[in-house]
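Please walk through the model below with the sequence beside it, moving from the surface to one helix and then to the charged pairs. The paragraphs that follow take these topics in turn.

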Amino acid sequence: MSKFHAHIITLLFLLFPLAVLAEERIAVDSVVQEVVVDSVIQEVAVDTVIPEVATDTVAAKPKRSFFRKVYDLGKTVIDFISEVDTVYVREQEYNWSVMMQSTTVLEAYKLVTKSGQSLTFVPENSVRIGPYGGWRWIFLGKTLDLKTFSLFGGRVDWNLSFYTPVFTIDFIWRESGDYKISRAILQNDIAKEEFDNIPIPGMESFMHVINLNYVFNHKKFSYPAAFAQSGIQKISAGSPVVGIGYNHQKLTLDYNELVSVLDERIEERFPGQHYTVTVDSTLRFNNLEHKSLVFSGGYAYNFVLTRNFFLSTSLTLGLAFRKSIGEMEDRGYTQRNFNIRNVNFDGCGRVALVYNNMRWYVGANAVAHYYSNNKTQFRSSNWLGTINLYVGVNFGKKKK
């Protein structure tokens, strides 16, 4: 081999690695260029597509109107106050209900003085019957007094209830008269029985009450099932209950008429003996008015006796912040000489027995309210109880 050929072979050996490196660099540059080109294409695609998608998205979501917002809010609230645990409570399946109810009202006012005298007044017993109607949670009714056969004359007795699983509202508007003395303790030398059942002309009372209660365990315990015939308690359950209420009561009594009636009764019982009835001066009022703000708490429980048949009980005690105003009779003229703000205790007890197969229902319940008022002059208390018997039917099935 000549030197020329040797130099050529040597040069090829030196250039071969450089060629391989160059080829690898070209391959790398090609890959980089492809990646760059792909990136540019993707960016162009993004710039082209994304605005169109965004535009389509905005166009597909129209702005809600005010009425739509109100509707959605109302639906959210209704869903919340209607929510129950269907394992424990069967939800109401109908929108409407009508029923016939008989109501017996028991009422008493008691006044007690520091000297120990006391007077207890009760109105004539009344039994009323009438129709009630309701939509879901709202019930409204008007009863007919069986004594006078009048819907709108005589006593006023309106009851409105709004019962949901979460909270309940009760409204009572009651006006009554035809009171008589059921018990009196006035003088030691005259037996208290001598004053029993004396009619008191002109004595009247009215009561306006509104109560709001919140049920803590409302998903498992159903107040509406017991007292609004709405839904059915399937498994026994109970719940703490708290409430707030406003109570306005007024009692009108003609003191001079009261003393005159008592004197006439004593004259009938002891003719010619000239007995004079002495009534404590602190009872010399013409009007006695109470306005109360009441905070209450208690517990309620539904006992399931058998399918669709259950017993309900509840008891709440309230702390009443009460303002009392009286118009007292003094030396022939009237003066507003006491106006006392004080704290007293009130209470409410309920019991109900209900059979409800969702279509038809029948039952009975009793509700008793107690209001107390301790004053510097005397103590007063008021009992109001109602006993209801009813039968009704649900209709207008809800759409699922």
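Which residues form a nonpolar patch on the surface, and with how much accessible area together? The patch is made up of Trp96, Val98, Trp135, Ile138, Leu140, Trp158, Leu160, Trp173 and Phe395, which together have about 780 Å² of accessible area. Strand E2 (94–113), strand E5 (138–142) and strand E7 (156–163) are the elements that give two or more residues to this nonpolar patch. A patch here consists of residues with over 30% relative accessible area and no salt bridge, where nonpolar side chains (Val, Leu, Ile, Met, Phe, Trp, Tyr) are joined within 5 Å and like charges within 9 Å. Accessible areas come from the Shrake-Rupley method with a 1.4 Å probe, and for residues only the protein chains shown count as cover.

This is a predicted model, in which local features need pLDDT of at least 70 and side-chain atom pairs count only at pLDDT 80 or more, whereas totals for chains, interfaces and linings use all residues. Residues are numbered from 1 along each chain as its sequence is written, and side-chain values use heavy atoms, with hydrogens and water left out.

For the protein as a whole, there are four helices and 18 strands, where helices (H or I, at least four residues) and strands (E, at least two) are DSSP runs numbered from the N terminus. Of the 400 residues, 40% are buried, a term that means under 20% relative accessible area, with exposed meaning over 50% and partly exposed in between (1.4 Å probe, protein chains only). The protein exposes about 22700 Å², of which carbon and sulfur atoms supply 63%. Among contacts (heavy atoms within 4.5 Å) between residues at least 6 apart in sequence, 70% join residues at least 24 apart.

Isoleucine 138 has its place in strand E5 and is partly exposed, because its relative accessible area is 33%. Phenylalanine 162 is found in strand E7 and is also partly exposed, at a relative accessible area of 22%. The C-alpha atom of phenylalanine 162 is separated by 6.5 Å from that of phenylalanine 139, although the two residues are 23 apart along the chain.

Helix H4 (residues 255–269) has 15 residues, which at 1.5 Å a residue should span 21 Å, and this agrees with the 22 Å between its end C-alpha atoms; the expected span is 1.5 Å times one less than the number of residues. Which residues of H4 are buried? They are Tyr255, Leu258, Val259, Val261, Leu262, Arg265 and Ile266. Because these residues cover an arc of only 160 degrees around the axis, they lie on the same side of H4, the arc being that of the directions from the helix axis to the C-beta atoms. The buried residues of H4 pack against strand E3 (118–123), strand E9 (179–185), strand E10 (198–199) and strand E14 (285–306).

The structure holds five salt bridges, each defined as a side-chain nitrogen of Lys or Arg within 4 Å of a carboxyl oxygen of Asp or Glu. One of them lies within helix H4, where glutamate 268 and arginine 265 are three residues apart, about one turn of the helix, and where their closest N and O atoms are 4.0 Å apart. Glutamate 268 counts as exposed because its relative accessibility is 56%, whereas arginine 265 is buried, with a relative accessible area of 12%.

Another pair joins arginine 174 to glutamate 107, with the closest N and O atoms 3.1 Å apart. Arginine 174 lies in strand E8 (residues 167–176) and glutamate 107 in strand E2, so the pair ties together parts that are 67 residues apart in sequence. Arginine 174 is buried, at a relative accessible area of 4%, and glutamate 107 counts as buried at 8% relative accessibility.

Lysine 219 forms a salt bridge with glutamate 83, and their closest N and O atoms are 3.5 Å apart. This pair links distant parts of the chain, 136 residues apart: lysine 219 is in the loop between strand E11 (204–215) and helix H3 (223–227), and glutamate 83 is in the loop between helix H2 (66–82) and strand E1 (89–90). Lysine 219 is partly exposed, with a relative accessible area of 38%, and glutamate 83 is partly exposed at 37%.
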